[in-house]
Amino acid sequence: MTKLTVEAKVGVFVVMGIVILGYMAMKVGKLSLMREKGYDVEVFFDSVSGLAPDVPVEIAGVEVGRVRDISLVDGMARVVLRIKPGVKIKKDAKAVIRTRGILGDKYITLGKGSPSAPDIKPGQRLWRTEPAMDLDALMGTLQDVAADIKSLSSSLTGVLGGAEGKATLKAIFNNFKEMVQTLNNTVQKNRDNIDVIVANLTDFSKTLKELGGVNVKDIQKIIENLSQASDRLGTVMEGMNRIVSRVNAGKGNIGRLLNEEEAIDNLNAALASLREISEKINQGQGTIGKLVNEEETAEKINTALTGINDYLQKQETFRTYVDYRGEYLFEHEWAKSYFTLRIQPKEDKYYLFQVVDDPAGKEKVTRIRREVDGQIVEEERVELEDELKFSAQIAKRYYNLGLRGGFFESTGGVAIDYYLLDDRLTFSLEAFDFDWEDNPHLKFIANFSPIHHIYLTAGYDDFINDEGQESFFLGAGIQFADEDIKTLITNVPIPTH
Amino acid sequence: MAMMNFFEYAGRPFVGILEEFGRVMLLFLSAAVWAFRPPFRLRQVFKQMEAVGVNSLPVVLITAVSSGMVLALQSYYGFRMFGGESLVGATVALSMTREIGPVFTALMVTGRAGSAMAAEIGTMRVKEQIDALYAMSVNPVQFLVMPRVLAGMVTLPVLTVVSDFIGIVGGYFVGGQLLGINSGVFMARIYEMLDLNDIFNGLIKAVCFGLILSVVSCYKGFYTTGGAEGVGRAATQAVVISTVSIFISDFFLTAVMF
């Protein structure tokens, strides 16, 4: 074995160093000396406190780039993100500064944006941002809240604490007690009435539920009985009262009382009535009896209430829209107006009733005869006349796609609607007026609603017509839902005289 | 006059230090100048690279693997207190590449090769071999100092790379195998936290340390006086001054780079 030369030893040594360095560089893999590939996106934040260059930018936790530069522009922090090539970011994606781990490393995460939004182009700005959760600001807010609570509790102490506060509290409680007593008395005094009310209510719910299934006469009879019984009870009570007062007054004695026939009769009658009533109640006769004895009654009330609830819930999803819109057709230089009532029992379904005022709805043909150079010439003059047309359609919606069918301007037709941007933008294609001779009437409509209740409309009307009826149109509309109408009506000032 | 003597007496050490610093710089400059003048004396450079680099490898490897293992062990006990065991790998990797790799390597090379340089050149000085070189019209700076400085600057980064790698391997062995940290997490954290810049800055440090230790050692040897005793003193001083200079410059280099 020959001995290695000095040069060979040094060569092996240096090569080993380079190989290890190369291996580590490959593994660490972030050749930050080189300018990273990709494209830049700008974001402006109110504060980037804690954010450093070269921190990761993530979408759904996957690193898609790094922060390249942070600078101050007009008091805002301008952050340039270097996004890896091939990563697409929606224009309306939201940029948020987040904190990771207990050490609080900041990084930027981007939302996915709405699917319909276009992709951002290199150098453009992401507009939607959310600043970093500032711990100091949070603590500040908490402090304010604590101060509020403290002042509240101290003012409460001021009101309730001390002799005056105690007295007030006592007075309040006394008032309350009196009120409860009065209420109690009232209820007791009006017990009969309340019974009758309850009876009526039961009766009512029963009638509501079993329309016709119950013998109404019976109930009437029961109520009559009941009122008779309570009438009698009243007389009995009067008598008893008289007896007691007399006994109290020391007039007469018990022997005389017992010998007095009238009193005994009264007492007997009262007892008999009482027994009758309690027996009836026990046996489940009469409304109160039924109410007391039968579970069925309670269940019926329950079902009645459930029914009412269901009905009310249905009312909640039930919506009505009133809509008026005008369209100006450029080709014909006339305006068409639509008054629409849309009844929407469910989110995905509605009925549409429409009255259309079409200035060119009807063709009026007049024949004029006149003499030209001794000959009779018959001329036909066609005039278009104003006509009211009616539409009635059923619409069903599947996510962003809506289908409509029914009558369109007094003829049969179908339509497709496509909804975008939370229904603020809709594209519709209507096809109607099918007959053998002409092409159907096709109408393309785009509606855009920049603010609530108001929308702009534009489109191309009757574009496969072969009589030159096609026209672009532009218009605007106003739409109200039933709640809006309610609000509107209740807020309209009413003349006082 | 007495006043003057006092200031002279008090100021002399400072002036001495300044003088010495100036002489080191002059030696370095002349070595730098001679490096670009023929003859290039590659043979001498390779010889010194073998002496400084290749022959220092075993001692550097042992130092690196032990320091990597100790780092892993110590940081593990620290991080375990708040459940951050997964950070051990990153800690070892960052410490090795940024500090421990370059500094420990430079210290070991100073001890092994720096003292040898001072002793060798010092012996040649006291035996008047350097004067003989002059007589043969061979520039002793080019023949003795330049190859050593060049060898120090070239081999130190190589040794440091090896040291970084072996240190991380040692840390991986202790952390991943002995202490039971998940080895995947261990490596993932290293990749996440370690930047190529960390390694490169460590290598820049290594180049500077190589320069410092070789220039200081050569200087000490070159200006040796006082026979065999002087040679011994030169070797000792070369190691002490190199070591101190390395630590001081390490601080400034770190402050500038990170």
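Reply: In this predicted model, strand 13 and strand 14 of chain A make a hairpin, and two residues lie between the strands. A:Glu409 sits in that turn and has a positive phi of about 50 degrees. The two strands, of which strand 14 covers residues 411–420, run antiparallel and are joined by eight bridges. One pair can be picked out here: A:Leu403 has A:Ile416 of strand 14 of chain A as its bridge partner.

Strand 13 of chain A also takes part in a hairpin with strand 12 of chain A, again with two residues between the strands. In this hairpin A:Tyr399 takes a positive phi, near 55 degrees. Strand 12 spans residues 375–398 and strand 13 spans residues 401–408; seven bridges join them, and they run antiparallel. A:Gln393 is paired with A:Gly406 of strand 13 of chain A. As a general point, strands of a sheet pair through backbone hydrogen bonds, either parallel or antiparallel.

Chain A has a further sheet to look at. Eight strands form an open sheet with mixed pairing, in the order 7-1-4-3-2-6-5-8. Its edges are strand 7 (125–126) and strand 8 (128–130) of chain A, each of which pairs on one side only.

Strand 6 of chain A (residues 105–110) shows both senses of pairing. With strand 2 of chain A (residues 56–59) the pairing is parallel, over three bridges, and A:Ile59 stands opposite A:Leu110 of strand 6. With strand 5 of chain A (residues 94–100) the pairing is antiparallel, over six bridges, and A:Val96 has A:Thr109 of strand 6 as its bridge partner.

Next comes the contact between the chains. It takes 19 residues from chain A and 17 residues from chain B. The chain A side of this contact has 12 nonpolar, three polar and four charged residues.

Chain B has nine helices and zero strands. Of its 258 residues, 49% count as buried. Among contacts in chain B between residues at least 6 apart in sequence, 89% join residues at least 24 apart.

Two packed helices are described by the angle between their axes and the distance between the axes. In chain B, the axes of helix 4 (residues 88–126) and helix 6 (residues 140–178) come within 7 Å and cross at roughly 145 degrees. The crossing of helix 4 of chain B with helix 6 of chain B is right-handed. Their contact comprises 16 nonpolar, nine polar and two charged residues.

Helix 9 of chain B covers residues 227–257, which is 31 residues. At 1.5 Å a residue, helix 9 of chain B should span 45 Å, and its end C-alpha atoms are 43 Å apart, so the two values agree. The buried residues of helix 9 of chain B include B:Val231, B:Ala234, B:Ala235 and B:Ala238. B:Val239, B:Ile241, B:Ser242 and B:Ile246 are also among them. Helix 4 of chain B is part of what covers these buried residues, as is helix 8 of chain B (196–222).

Methods:
Residues numbered from 1 in each chain as written. Chains lettered and ligands numbered in written order. Predicted model: local features only at pLDDT ≥ 70, side-chain atom pairs only at ≥ 80, totals over all residues. Axes fitted to C-alpha atoms, helices over the stretch in contact; angles between N-to-C directions. Helix = DSSP H or I, 4+ residues; strand = E, 2+ residues; numbered from the N terminus. Left-handed = near helix turned anticlockwise from the far one by under 90°. Nonpolar A, V, L, I, M, F, W, Y, C, P; charged D, E, K, R; others polar. Expected span 1.5 Å × (residues − 1). Buried ≥ 20, exposed ≤ 12 C-beta atoms within 10 Å, placed from the backbone. Contact = placed C-beta atoms within 7 Å. Pairing = 2+ DSSP bridges.
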